[in-house]
Amino acid sequence: SLVDFHKSDQIILIYGPQSSGKSHICQAVLHESCVEYLFVNGESELCNEKLNDYYELVVIDDLDKLVSTKGREERIFTILNNQILNKKPALITSSKDITECGLTLEDLSSRLLSDKIFTINDLDDSDKINMMISYSSQRGLEISDRVLNYIINNCSRDLYFICALIKNLDRVSLSAKKKITIPFIKK
């Protein structure tokens, strides 16, 4: 659905847990498109956008964090409505289901739910272990199954945390010239 997305008139909503890759998807879509676009995320100041304009592509990352005020909801609604009226695409991501975002504008909810909706499901433990094996091998690390199970059972299961932990273990084990073991991780 995202291949040549910038040439479509679709509104795509993607939601999934934090650190599931939604922002990477947004950046990939922007990278692949060579059109004038509007990118909105938690750091954006929506008050500076021209609301009577449309864009060749709109990407809104972390909608659930953006809709903190009615004014922001109205601005996002206007941006999306202009895209729909002008048959231009928009990609929206959220860590929460739209019904859990606390939206007060029913028209915004209906626009968001009007086209394609994709959910990114969290990986189960075996998938996270396979991801750690793959990520470790890319870094040239060998981590035993026992150590991987220890990480899954005793550390945060957030993918961002797991990747950061493996990077840190790689760096620290190289500088200490030690194998990655459970006592090493505890220390």
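**Figure 1. Helix α6 and the elements that cover its buried residues.** In this predicted model, the cover over the buried residues of α6 includes α5 (125-138), α7 and α8 (182-186). Helix α6 itself takes in residues 145-154, and the buried positions in this helix are Val-147, Leu-148, Tyr-150, Ile-151 and Ile-152. As a rule for reading such a view, an α-helix has 3.6 residues a turn, so residues three or four places apart point the same way.

**Figure 2. Ser-144, in the loop that leads from α5 to α6.** Ser-144 belongs to the loop between α5 and α6, and with a relative accessibility of 36% Ser-144 counts as partly exposed, because the partly exposed class lies between under 20% for buried and over 50% for exposed. Going back along the chain, Ser-134 is 10 residues away from Ser-144 in sequence, and the C-alpha atoms of these two serines are 13 Å apart in space.

Figure 3. When neighbours within four places in sequence are left aside, the residues in contact with Ile-166 are Met-132, Tyr-135, Ser-136, Arg-139 and Leu-141. A view that is to include both Ile-166 and Asp-107 has to take in a separation of 44 Å between their C-alpha atoms, the two residues being 59 residues apart along the chain.

**Figure 4. Leu-141, a buried residue in a loop.** Leu-141 lies in the loop between α5 and α6, and its relative accessible area of 12% is why Leu-141 counts as buried. Which residues does Leu-141 contact, leaving aside its neighbours within four places in sequence? They are Ser-136, Ile-166, Asp-170, Ser-173 and Ile-180. Between the C-alpha atoms of Leu-141 and Ser-175 the separation is 14 Å, for two residues that are 34 residues apart along the chain.

**Figure 5. Ser-175, an exposed residue of helix α7.** Ser-175 lies in helix α7, and at a relative accessibility of 59% Ser-175 counts as exposed. From Ser-175 to Ser-19 the distance in space is 28 Å, C-alpha to C-alpha, and the two serines are 156 residues apart in sequence.

Figure 6. Ser-19 lies in the loop between β1 (11-15) and α1. Its phi is near 65°, a positive value in a residue other than glycine. Buried or partly exposed, how does Ser-19 count? With a relative accessible area of 28%, Ser-19 is partly exposed.

**Figure 7. The largest pocket and its lining.** Ser-19 is also one of the residues nearest the centre of the largest pocket, together with Ser-20, Gly-21, His-24 and Tyr-160, in a lining of 13 residues. The space in this pocket comes to about 390 Å³. Two helices, α1 (22-32) and α7 (159-176), each supply at least two residues of the lining, and the largest share, 3 residues, comes from α1. Sorted by class, the lining has 7 polar, 4 charged and 2 nonpolar residues.

**Figure 8. Lys-87, a second residue with a positive phi.** Lys-87 is not a glycine, although its phi is positive, at about 55°. The residue lies in the loop between α3 (70-85) and β4 (90-94), and at 58% relative accessibility Lys-87 counts as exposed.

Figure 9. The chain contains 8 helices and 5 strands, which run from the N terminus in the order β-α-β-β-α-α-β-α-β-α-α-α-α. Its C-alpha trace spans about 60 × 35 × 30 Å along the principal axes, and its radius of gyration is 20 Å, whereas a compact globule of 187 residues would have one near 16 Å. Among contacts between residues at least 6 apart in sequence, 71% join residues at least 24 apart.

Conventions. Residues numbered from 1 in each chain as written. Predicted model: local features only at pLDDT ≥ 70, side-chain atom pairs only at ≥ 80, totals over all residues. Heavy atoms only, no water. 1 Å grid on protein atoms, 1.4 Å probe; cavity = no way out; pocket = protein on both sides within 12 Å on 5 of 7 lines; lining within 4 Å. Points joined across faces, edges and corners; volume = space filled by probe spheres on them. Helix = DSSP H or I, 4+ residues; strand = E, 2+ residues; numbered from the N terminus. Nonpolar A, V, L, I, M, F, W, Y, C, P; charged D, E, K, R; others polar. Rg over C-alpha atoms; globule rule 2.2 N^0.38 Å. Contact = heavy atoms within 4.5 Å. Buried < 20%, exposed > 50% of the residue type's maximum accessible area, 1.4 Å probe, protein only.
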